[in-house]
Amino acid sequence: MTELTGRRIVFTEADMADHLGRLGRAAPDLHACVDPERARAWARVLAEAGDVRDDFGDDGAGGRGSSYLRAQARNLTARARGIHHLLSLVPARTDRRPAVVVDVLGGDGLVRRVANARRLTGLSVLTCDASPYMVRAAWAAGCPALVQRADRLLLRDGSVDAVLVAYGSHHIAADDRAELVHEAYRVLRPGGVLLLHDFLVGSPMDTWFREVVDPYSRTGHAFDHFTREEMWGYLTKAGFESGEVTEMADPYAATAPTAREAELELGRYLLDMYGLAGIEARYPADAARHTVERARTVFRAERADGSLEAFSVAYDPSAGSWTCTLPRTAVLAIGRKAR
Ligand SMILES: C[S@@+](CC[C@H](N)C(=O)[O-])C[C@H]1O[C@@H](n2cnc3c(N)ncnc32)[C@H](O)[C@@H]1O
């Protein structure tokens, strides 16, 4: 059993054996990619470490995991546009079998669930996460999952078609990032891709984390974002034969019957996603409104043509609903392993 101790978690060798057994039964294609010796060795390290800090653990234990899960459950499609784009970059396999995607910062399986909801075919997603709390939530949501650290992949050499590192790459310590990219190169098949997604230092997302999430979240949020040069350096050092560092639209969106409700729904999403307990405490009657107003001022960016990309609320007559959209631009490093 996974035991919660304060803000920390304990994960045992028996837990790993249990997860691998479940994986073998639920998704033999994904189980075949796991190196059992690496998995056992990692479980031993975790057991000996005794406890590991887990910001995405249970709220009751000092993490912000349960409010994070609530946000995704309430609005599964809030980040669907970006997720869909990332998955569209996974190369199809020549043998027509589903392409294996390792979702390294997988949480409770949001990427897999969005792929299912959008009926994206030809993909088999393995949800991985360092947090046993999140991995347990992924299994509960029907997503095959594995406790694994980004810089210590438990997969066999040359076994997977895509390694996705997205929606939280800044949580990976700067000292571990080069090793993560090396590991991705190791586990990719020839022709496979690494998709390393985050936000640029100095971007509106960086400001949001620094000025809002860090002071008001339950766990704080003092993490370094990425630069283009840093990302490119990891790709070349790891040996990727080709690749690029580019940008992609990755908005937040919320839909509701009225414009006002759509705005508040987006505010609610951000409150839960980032565990903004400090804002809830300061504005108990209208925390969602306050949050969306703050976000509106932060997520404004000038496009290359000088026009302003900003918060919008639009009516969709075919659906009879309003959608509130907060623009975000993510940075994406794509590493391609030669065929
Ligand atoms: C922001 S959540 C993203 C979850 C999911 N992909 C989503 O978009 O909702 C980031 C996840 O990365 C995990 N994480 C953070 N650092 C990690 C690391 N070094 N290795 C593996 N997982 C890590 C956290 O436990 C958390 O569940």
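These are my notebook entries on a few places I looked up in this structure, which is a predicted model.

**Entry 1**

**Entry 2: strands E4 and E5**
Next I looked up strand E4, residues 99–103, and saw that five bridges join it to E5. The two strands run parallel.

**Entry 3: an open sheet**
Then I turned to an open sheet of three strands, in the order E10-E14-E13, with antiparallel pairing. E10 (252–256) and E13 (312–316) are the edge strands; each has a single partner strand, so one side of each lacks a neighbour in the sheet. From one strand to the next, the twist averages 20 degrees. Five bridges join E10 to E14, residues 321–326, and Ala254 has Cys324 in E14 as its bridge partner. Helix H11 packs on this sheet and touches E10, E13 and E14. The direction of H11 makes about 135 degrees with that of E10.

**Entry 4: H11 again, with H4**
Last, I followed H11 (residues 259–273) to helix H4 (residues 65–74). Their axes are 7 Å apart, at an angle of about 150 degrees. That angle is over 145, so I count the two helices as roughly antiparallel. Ser67, Tyr68, Arg70, Ala71 and Arg74 of H4 meet Tyr269, Asp272 and Met273 of H11. By class, this contact has four nonpolar, one polar and three charged residues.

Methods: Residues are numbered from 1 along each chain as its sequence is written. This is a predicted model: local features need pLDDT of at least 70, side-chain atom pairs count only at pLDDT 80 or more; totals for chains, interfaces and linings use all residues. Axes are lines fitted to C-alpha atoms, for helices over the stretch in contact, and angles run from 0 to 180 degrees between N-to-C directions. Helices (H or I, at least four residues) and strands (E, at least two) are DSSP runs, numbered from the N terminus. Angles under 35 degrees count as roughly parallel, over 145 as roughly antiparallel, 65 to 115 as roughly perpendicular and the rest as oblique. Two residues are in contact if their C-beta atoms, placed from the backbone, lie within 7 Å. Ala, Val, Leu, Ile, Met, Phe, Trp, Tyr, Cys and Pro count as nonpolar, Asp, Glu, Lys and Arg as charged, and the others, Gly among them, as polar. Two strands pair if DSSP finds at least two bridges between them.
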